[in-house]
Amino acid sequence: MDKSRTHPDYELLAAYSAGSLPLSQALCISAHLEHCPDCMRQLQRLNRVGSELMQQLKPAQASDTLKNRLLDSLDSMVDEDDETEENPIDPSIPRCLHQFIDSSYDSLAWKRVSPDIHSVELCRDANGARVELLKIKPGGSATTHTHLGDEYTVILEGSFSDESGLYRQGDFVVKGASDRHTPVATQDRECICLAVTEGPIQFTGFFSRLLNPLIRRGYA
Ligand SMILES: [Zn+2]
């Protein structure tokens with residue numbers, strides 16, 4: 001495994017393989033997998049183990065169904081040829097996000113959150129977790145914030161750094177509710193992230209206290 005990158009841990013990948021993750025987290029894992037051959041290989045091993053286990057445990061019809069579902073999902077992850085010319089979507093956008101995007105990141109209805117940040121909500125899952133894209137301008141800061149639940153981020157374009165280090169395209173970052181951090185996009189280009197938050201973000205910087213009621217309203 002390439003240690004210079006940031007990856008989902010084994011438990012998350014196993015839950016993804018078993019199909020037991022909420023949609024929001026599964027989207028983040030999928031987006032990461034499209035950039036990370038190491039995690040993709042690990043997932044394929046997990047899928048094989050899961051498939052064999054199912055065959056041993058339930059040799060009846062149900063196991064075939066489950067096995068086929070696993071194999072289908074594996075096929076769809078591996079198959080690079082399923083995008084036809086009819087599909088005009090920017091190929092740099094992860095395939096798991098194509099269902100939310102017409103053509104390019106620019107085609108989305110971005111909303112201004114702060115001078116440095118625009119966001120667009122893609123969906124919410126059954127648990128109420130919010131799936132959104134964040135766009136941070138070059139050198140821009142997402143201000144210091146904490147969250148009520150875990151925050152999952154996958155860097156889709158550009159890079160950002162925070163107190164823990166530098167994160168690059170494809171990196172998968174999890175911050176717990178108690179982690180206070182200040183992501184800052186690198187100067188060379190804007191940074192676009194897939195972000196999942198399980199609860200309202202609490203901005204803790206001085207000016208952003210003013211923002212909090214607005215942010216919270218988004219979750220009402
Ligand atoms: Zn990985």
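**Figure 1. Helix H1 and the residue after it.** Helix H1, residues 10-18, has these buried residues: Leu12, Leu13, Ala15, Tyr16 and Ser17. Buried means under 20% relative accessible area, exposed over 50%, and partly exposed in between (1.4 Å probe, protein chains only). Gly19 follows H1. The phi of Gly19 is positive, near 75°. Helices (H or I, at least four residues) and strands (E, at least two) are DSSP runs, numbered from the N terminus. The model is predicted: local features need pLDDT of at least 70, side-chain atom pairs count only at pLDDT 80 or more, and totals for chains, interfaces and linings use all residues. Residues are numbered from 1 along each chain as its sequence is written, and side-chain values use heavy atoms, with hydrogens and water left out.

**Figure 2. The whole protein.** Five helices and eleven strands make up the count of elements in the protein. Of its 220 residues, 47% count as buried. The accessible surface comes to about 11700 Å². Carbon and sulfur atoms hold 52% of that surface. Areas come from the Shrake-Rupley method with a 1.4 Å probe; for residues, only the protein chains shown count as cover. Among contacts between residues at least 6 apart in sequence, 61% join residues at least 24 apart. Contact means heavy atoms within 4.5 Å.

**Figure 3. The zinc site.** The zinc ion has four protein donors: His7 (ND1), His32 (NE2), Cys36 (SG) and Cys39 (SG). Donors are N, O and S atoms within 2.8 Å of the metal (3.2 Å for Na, K and Ca); water is not among the atoms, so sites may look incomplete. The angles between the four donor atoms run from 100 to 114°, so the arrangement is tetrahedral. Four donors count as tetrahedral if all angles lie between 85 and 135 degrees. Along the sequence, the donor residues follow the spacing H-x24-H-x3-C-x2-C. His32 is buried, at 0% relative accessible area. Cys39 is buried too, at 0% relative accessibility.

**Figure 4. Helix H2 against the strands.** Helix H2 (residues 23-33) lies across strands E2 (117-124), E3, E5 (151-157), E8 and E10. H2 runs at about 35° to E5. Axes are lines fitted to C-alpha atoms, for helices over the stretch in contact, and angles run from 0 to 180 degrees between N-to-C directions. Ten of the eleven residues of H2 are buried, so the helix is largely enclosed by the rest of the structure.

**Figure 5. The six-stranded sheet.** This open sheet has the order E1-E2-E3-E10-E5-E8, with antiparallel pairing. E1 (111-112) and E8 (172-175) stand at the edges with a single partner strand each, so one side of each has no neighbour in the sheet. Two strands pair if DSSP finds at least two bridges between them. Seven bridges join E3 (residues 130-136) to E10 (residues 191-197). Lys135 has Ile192 in E10 as its bridge partner.

**Figure 6. The three-stranded sheet.** Here the open sheet has the order E7-E6-E9, again with antiparallel pairing. E7 (165-167) and E9 (184-185) stand at the edges, each with a single partner strand, so one side of each lacks a neighbour in the sheet. Two bridges join E6 (residues 160-162) to E9. Phe160 stands opposite Ala185 in E9.

**Figure 7. Gln99 in its loop.** Gln99 lies in the loop between helix H4 (61-78) and E1. Gln99 is exposed, with a relative accessible area of 61%.

Methods:
Tetrahedral: all angles 85-135°; square planar, octahedral: opposite > 155°, others 65-115°.
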